Amino acid sequence: MNLLALLLPAALAAAPLEDGVVTLKVTWQSWEVGQPWVKTNPTLRVAQAVVVDGRPEPVLLTTAQMVAFATHIRASKHGEPGESPARVLYEDREANLALVSVDDPTFFRDLEPVRLARRPFASGEVSITRWRDNQFEISRGRVSRAVVADSATGVLKYVGLRVQTDIQGGGWSEPVFVGGALAGLATGHSQSDMQVLPATFLGVWLDEVRATGGMRPWAGQIGAVFQEIRSPALAGWLGLESPRGILVRRVAQGGSACGVLRPDDILLAIDGHEIDGDGNIRQPPYGLLWFEVLLSRHPAGDTVPVRLLRDGAVHELAMPLRTYTGASWLVPADRTDPPAYLMAGGLVFREFDETYPTWATELRILGQLNRTAQTADRRRVVVLSSVLADPYNLGYQGFADLPVATVNGRPIDAVSDLAEALEHPLEGFHVVRFLPNPRLNEIVLDAGTLDEATRRIAEAYGIPAIWRPGVPPPDLGPACEQGPAGAGGGLPATRSWWPGP
Amino acid sequence: MPFLLLLLVSWCLAAPAAPPIRPLERSVVRLTNTSQRADWRTPWNPGRIAVATGSGFVVEGGRILTNAHVVADSRNLVFHLHGDAVPHDARIVAIGHDCDLALVEPVEAGLLDGLRALPLGEMPRMGQDVTTFGYPAGGTWLSSTRGTVSRIDVIASVHSGGATHLAVQTDAAINPGNSGGPVVSGDRVVGVAFQAVGQLENVGYFIPPPIVRHFLDDVADGTYDGFPRLDVLLANLDSPAARRRAGLAEGETGVRVDFVHPASPAAGVLEPGDVLLSLDGEILANDGTFSVSDQRLQMQAVLDRFRMGASVATRVLRAGSRLDLAVPLGRSVYPDRAYETRPRYVVYAGLVFVPLDREYVETMSSKADNDVLYEYTYRQLETPDTVVPGCVVLYRRLDHAVNATVGMATHLVVARVNDREVHTLEDLVAALEGNPGPYHVFAFAHVDRVTVLDRAAADAAHREILDLYAVIEDRRL
């Protein structure tokens with residue numbers, strides 16, 4: 001990171017486009033969902049990157065989705081056969097951007113950093129570029145509109161551009177240029193429609209990384225549930241003369257909203273922009289945009305002003321932006337860390353996350369918990385993902401996809417709880433109880449022979465380690481102020497998802 | 001020339017002398033039912049009109065036995081006698097949707113007088129030859145197919161939506177239209193054809209004599225009570241560790257009770273954790289089956305022996321003691337598919353509310369939210385000791401200026417209306433009609449969303465919306 005503190009501002013130079021565009025070959029491998037102790041078949045991904053200034057050498061800028069799960073990266077340029085080993089210097093998954101350094105210092109000798117088109121625009125002609133079969137390919141494109149886009153590797157919302165183009169098979173971080181300056185990087189492509197992360201955002205992000213050396217990644221989400229105030233009836237009931245602002249329904253512990261916004265508040269303005277009843281702000285030249293895109297202008301640690309209506313009075317408050325990402329959800333999203341699991345007696349337990357296939361009924365219900373906030377006493381959902389058949393687990397073979405409630409009477413909130421609970425058998429048995437479901441309530445195993453069976457099964461099925469505790473969930477900080485009960489006209493509480501505390 | 005050719009063909013067909021119709025075959029009739037099945041997607045409409053044919057046969061008492069699904073949701077029912085071109089009006093005497101059997105009779109007395117009532121035989125054996133009679137694919141002439149008994153099993157009936165009973169599988173072809181026809185061995189009826197498995201070849205099912213007798217005995221008093229069920233969730237005890245923890249002795253077998261519905265007749269008698277060792281004297285294996293003449297059947301085949309309201313002698317292992325209990329059997333609290341009924345609903349200012357029931361879930365399951373399915377399937381399991389009250393779903397919106405801006409999703413579980421808890425359509429009506437305030441406020445479970453209507457504007461638009469969408473009545477409670 002210290003290296004990045006020395007990054008220099010981009011030089012103003014008019015170089016051919018191909019001098020600023022290089023190819024990255026990324027070998028990558030994700031984790032096997034059903035057998036989380038192994039990785040999937042390694043795959044090659046070919047991505048584009050642009051050269052940006054750095055010290056002592058320039059670095060490469062690409063989208064974070066291109067380096068996700070990377071095991072090895074090499075860079076090539078000018079369509080030449082040579083490849084130079086490269087590595088991820090800095091990755092900001094909320095921003096969906098990464099800086100890649102090249103081991104060979106001479107790599108950049110005949111390359112020039114690109115210039116950024118920092119002025120926002122939402123129409124006009126652009127050029128989409130990439131190296132293909134040793135040739136530099138330039139395709140025409142036309143910006144059709146601005147959209148509120150979700151980060152492909154995070155939960156941040158930003159202003160994205162849609163580009164109409166006839167390029168085939170794009171979306172691999174192809175640099176998009178306007179008048180010789182970088183207009184953005186492609187993040188997706190289907191048929192004639194390309195999604196582009198615009199240079200306005202790249203510029204803000206690079207400035208921040210240059211200023212702080214990448215110590216402040218982007219915050220992600222605001223951490224609250226909102227409801228639009230579209231109908232005049234709802235506005236009237238809330239005491240507004242006409243629809244405006246957005247109603248706060250729930251505030252998540254650990255998010256930026258926690259401690260600033262309260263349920264029943266009406267958020268009227270954020271970061272200097274008035275919010276309408278649809279939750280939109282007006283931002284030229286893009287037009288109406290969902291207000292949460294304003295978070296993409298700041299890294300975590302910045303403070304944004306908010307204006308809200310609470311109990312009929314207008315309050316002007318400061319909201320410090322805190323990191324609140326998919327890792328803070330009960331069913332975590334966008335994970336690249338090795339999944340937490342535990343195998344005991346052939347029973348494979350793992351933490352439920354967005355990679356898990358949710359076709360099974362019980363888990364389909366759990367899938368509903370996507371985008372539900374963690375609370376201090378419920379951080380993760382542990383599921384029995386499969387049973388590796390062995391004489392030891394006779395009677396349970398074929399059961400799968402069941403959410404665990406307790407083991408030996410102890411509540412299970414993480415795989416590490418499971419490991420602990422298995423140290424305390426009940427009268428010679430291990431008793432696994434599941435959340436209520438119509439398929440199976442309880443599994444009983446012989447405690448005396450568990451270790452021996454686990455060793456045998458691990459050997460037979462090729463499991464190198466019987467458990468991995470995984471990365472602990474992020475610190476949620478103190479509980480949020482929820483406001484006086486029944487404030488704002490007494491919005492009713494919703495029923496809880498979970499049985500009992 | 002074409003005329004001549006036609007004559008020639010007719011002559012050729014008529015040439016061999018037709019064999020005489022046997023008395024047994026004369027007793028097989030063709031039923032034509034005009035039904036009107038309610039559509040839960042448009043609960044205010046009377047339903048779709050359809051015409052379908054099936055088979056039936058004459059039984060004692062001048063009546064015709066057929067399948068429930070042949071005569072369900074009937075608006076008009078006629079039958080044809082074998083070899084007779086004249087349709088006759090019929091009416092339903094009794095209908096058992098859970099076992100898919102029905103009894104009908106001619107409106108005109110004496111019509112079946114010359115016909116033989118087909119006698120009911122005994123339970124067929126594996127490999128026994130059987131012959132089916134019926135009118136497959138709506139044909140007007142009786143068709144018969146032959147095969148053997150290929151399997152005897154407890155299977156779920158499609159018509160009931162999953163109620164399981166003893167049934168017999170045969171390789172004799174059973175096709176649409178065969179439904180309700182007799183399956184005969186020798187000169188006795190050994191079953192009533194009722195369903196087939198489309199993806200498999202030569203797999204048809206018929207309802208065997210014990211189930212038919214149960215139905216006929218049941219309806220003898222003029223009302224149909226149905227087959228009892230146990231309403232408990234059971235877990236197999238194939239695991240040796242689970243058996244030891246449950247306290248079973250070496251060689252002892254049974255199944256563990258995991259959940260007893262608090263409204264079921266067995267509540268208070270059976271408890272979660274009990275191990276069922278035997279039912280009506282039949283020893284239960286660790287997978288819940290019992291042994292009968294060299295094969296194994298699921299325990300529902302034991303319950304099929306009993307009438308509604310009876311008790312079944314049950315041996316239970318509870319906390320180390322073996323208890324002999326009389327477990328009362330009654331109507332299941334888990335509803336089968338609904339027939340002979342119309343959907344319940346309330347429309348207010350274009351918002352359509354329905355109760356969360358089996359038909360709603362069956363009709364909407366692909367669209368209904370997980371929240372709705374959760375309420376339907378899991379809520380009761382999570383509160384095993386108390387009966388969970390029902391709930392009302394805001395199913396959809398009939399768009400109109402008064403409701404178009406409420407910005408709501410469909411298939412929402414209603415939690416509160418005007419600050420009153422809503423569990424039934426009656427609760428909803430009371431909450432709406434008892435509200436003197438300027439707004440109606442709807443809050444939903446699971447989603448953090450509140451919907452508000454201006455009461456005066458909603459009341460004013462209510463009638464107009466009903467007329468616009470041709471909703472005849474604003475409620476059916």
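I count two residues as in contact if their C-beta atoms, placed from the backbone, lie within 7 Å. The model I am reading is predicted.

Entry one, the interface. I found 35 residues of chain A in contact with 35 residues of chain B. I then asked which elements of chain A give two or more residues to the side that touches chain B. My list reads β13 (224–228), α3 (232–237), β14 (246–251), α4 (361–367) and β27 (442–446) of chain A. The largest share of that side, five residues, comes from α3(A). Sorting the side of chain A that touches chain B by class, I noted 17 nonpolar, 10 polar and eight charged residues.

I stopped at Pro284(A) and Pro285(A), which are joined by a cis peptide bond with omega at about 0°. I placed Pro285(A) in the loop between β17 (280–283) and β18 (287–290) of chain A.

Next I turned to Asn134(A), where phi is positive, near 65°. Asn134(A) sits in the loop between β7 (124–132) and β8 (135–150) of chain A. Is Asn134(A) buried or exposed? I put it down as exposed, because it has 11 C-beta neighbours inside 10 Å and the cut-off for exposed is 12 or fewer.

In chain B I looked up Asp73(B), with a positive phi near 50°, in the loop between α3 (68–71) and β4 (74–80) of chain B. Asp73(B) has 20 C-beta neighbours inside 10 Å, so I wrote it down as buried.

Note on methods
Residues are numbered from 1 along each chain as its sequence is written. Chains are lettered from A and ligands numbered from 1 in the order in which they are written. This is a predicted model: local features need pLDDT of at least 70, side-chain atom pairs count only at pLDDT 80 or more; totals for chains, interfaces and linings use all residues. Helices (H or I, at least four residues) and strands (E, at least two) are DSSP runs, numbered from the N terminus. Ala, Val, Leu, Ile, Met, Phe, Trp, Tyr, Cys and Pro count as nonpolar, Asp, Glu, Lys and Arg as charged, and the others, Gly among them, as polar.
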